[in-house]
Each structure stands twice: as C-alpha cells, then as structure tokens.
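Please look over the sequence and the structure shown here before reading the briefing that follows. The notes are grouped by topic.

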Amino acid sequence: MTDVMADERLHLPGGHEGPASKRIVTGYGFWIFLLSDMVMFSCFFAAYAVLSGQTAGGPKGSEIFDLRNVAIETGCLLLSSFACGLAAIAAGVRNETWFQIAMAVTCILGLAFLAIEFNEFASLVARGAGPSRSAFLSAFFALVGCHGLHVSAGILWLLTMMAQVFAKGFRADILRRFLCFALFWHALDIIWVAVFSVVYLLGSTS
C-alpha cells in the first residue's frame, strides 16, 4: 500500500509529478534567502545614494577612489566566480581532483579581493578619510564593508565544502550544500558589479 501511495504521489493524473526533489526545494529556499539579502543591500545602496554628496567638507569619491586597484579587485572576483562555475561542473561529473583545484583557485582569488579591499580601507583611514569623517564615507564603508563581510563568510563556507568533499565525497546532501554555496558566491559577484558601477565609476566621475 505504501509503495502504491508513493507511486500515486510521483505520477499524478494529468501528467503531473509529485513532490519536488530535495535539491530543488533546497535551491528554491536558498533563493528566498538570497532575495532577502538583496533587499538588505538595496537599503545600503539607497542610503549611499542619499548620502553620496554629504562630504562635510571632506574628500569626495573622485579624490579617494583608485580605479586601477578597484579594476584588479573586480577582475579577481569575476574570475573567482568563473572558477566556482568550473567547480560546479567538476562536481556534476564527480571529479574530486578538479573540484578541489577549482575551489582552491576560487579561494585564492577571493582572498586577493579581500586583501585589496582591506588595503583600500586601511589607506583611507590612514589619510583621515575613515567612516566617521562624513556621511558619505560612513555610507561607503557600510556598503562596501558589508559586501566584504559576505565574501569573508563565503570563503569560510568554501573551505568547509572542500573539507566535506575530501572527507565524505560527493554525497547528495553535500552537493545540495554546494549548490547553495555556488548561488551565494555568484550573487556576491552580481552585487559587486553594482557596487563597482554605482560607487566607484559614478563616484570617480562626479
């Protein structure tokens, strides 16, 4: 009787199938989390847009932004997203060697991104352009710093995924977690493109 009921759930009349797989449900649920994260970043962007001109006599974006370093930073994150995609392909074919290599490259590029960002923040603070200098700089540090914290959390998650695959292989639950990680990392890439365009490019030309 149980087998019959299971078959009825999976093959309903009219060609409709039963409950979605755990992978689909997990991915769908994580998308909802990412959308809530996007709402939070939208608030940071809105605050920055309102406060971008409130320099209180301090430096403007065009005076403190180094587009060359930011371009290198952006390139590191974009390449890390590409490497993460390669890791997803390797996971799909259950190739642990290439998975670990792609994830290691993703990690290295993510760390390079954070190092450049930390160096930028330290340089601004040393020049007296810290977050307490003006409303503009407060909004800048809050927006860019929040993204940096997300990248830091993503790297810790990445290292955890590498350890789990190394210890337990490509189990179904681990692949579902990796799906969530990949969605998270690519979302950070999209958010950074918005940061680069709105904060750095527009700020440098104002």
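Arginine 171 counts as partly exposed because its relative accessibility is 37%, where buried means under 20% relative accessible area, exposed means over 50% and partly exposed lies in between (1.4 Å probe, protein chains only). This is a predicted model, in which local features need pLDDT of at least 70 and side-chain atom pairs count only at pLDDT 80 or more, whereas totals for chains, interfaces and linings use all residues. Residues are numbered from 1 along each chain as its sequence is written, and side-chain values use heavy atoms, with hydrogens and water left out.

**Salt bridges**

- Arginine 171 pairs with aspartate 173 in a salt bridge whose closest N and O atoms are 2.7 Å apart, the term being used for a side-chain nitrogen of Lys or Arg within 4 Å of a carboxyl oxygen of Asp or Glu.
- Aspartate 173 also meets arginine 177 in a salt bridge, at 3.2 Å from N to O, and because these two residues are four residues apart in helix α7, about one helical turn separates them.
- Arginine 177 is partly exposed, with a relative accessible area of 34%.
- Through shared partners, the salt bridges join Arg171, Asp173 and Arg177 into one network, and the count by this rule comes to two salt bridges.

**Overall make-up**

- The protein chain has seven helices and zero strands, with helices (H or I, at least four residues) and strands (E, at least two) taken as DSSP runs and numbered from the N terminus.
- Of the 206 residues in the protein chain, 41% are buried.
- The accessible surface of the protein chain comes to about 11,000 Å², 70% of it belonging to carbon and sulfur atoms, as computed by the Shrake-Rupley method with a 1.4 Å probe, where for residues only the protein chains shown count as cover.
- Among contacts with a separation of 6 or more, 80% are between residues 24 or more positions apart, a contact meaning heavy atoms within 4.5 Å.

**Nonpolar core**

- The largest nonpolar core has 56 residues, and those with the most contacts inside it are Phe99, Met103, Phe140, Trp192, Val195 and Tyr200; such a core is a set of buried Ala, Val, Leu, Ile, Met, Phe, Trp, Tyr and Cys residues joined through side-chain atoms within 4.5 Å.
- Two or more residues of this core come from each of α2 (22-51), α4 (67-92), α5 (96-126), α6 (135-168) and α7 (172-205), and the largest share, 18 residues, comes from α7.
- Not counting residues up to four places away in sequence, methionine 103 touches Ala87, Leu158, Met161, Met162, Phe178 and Phe181.
- Glutamine 100, found in helix α5, counts as buried because its relative accessibility is 16%, and beyond its neighbours within four places in sequence it is in contact with Met162, Val165 and Phe166.

**Helix α4**

- The 26 residues of α4 should span 38 Å at 1.5 Å a residue, which agrees with the 37 Å between its end C-alpha atoms; the expected span is 1.5 Å times one less than the number of residues.
- The buried residues of α4 include Val70, Glu73, Leu77 and Ala87, and what covers the buried residues of this helix includes α5, α6 and α7.
- Leucine 86 is found in helix α4 and is partly exposed, with a relative accessible area of 40%.
- Phe82, Leu86 and Ile89 form a nonpolar patch on the surface, with about 320 Å² of accessible area together; patches are made of residues with over 30% relative accessible area and no salt bridge, like charges being joined within 9 Å and nonpolar side chains (Val, Leu, Ile, Met, Phe, Trp, Tyr) within 5 Å.
- Arginine 94, which follows α4, has a positive phi near 60 degrees.
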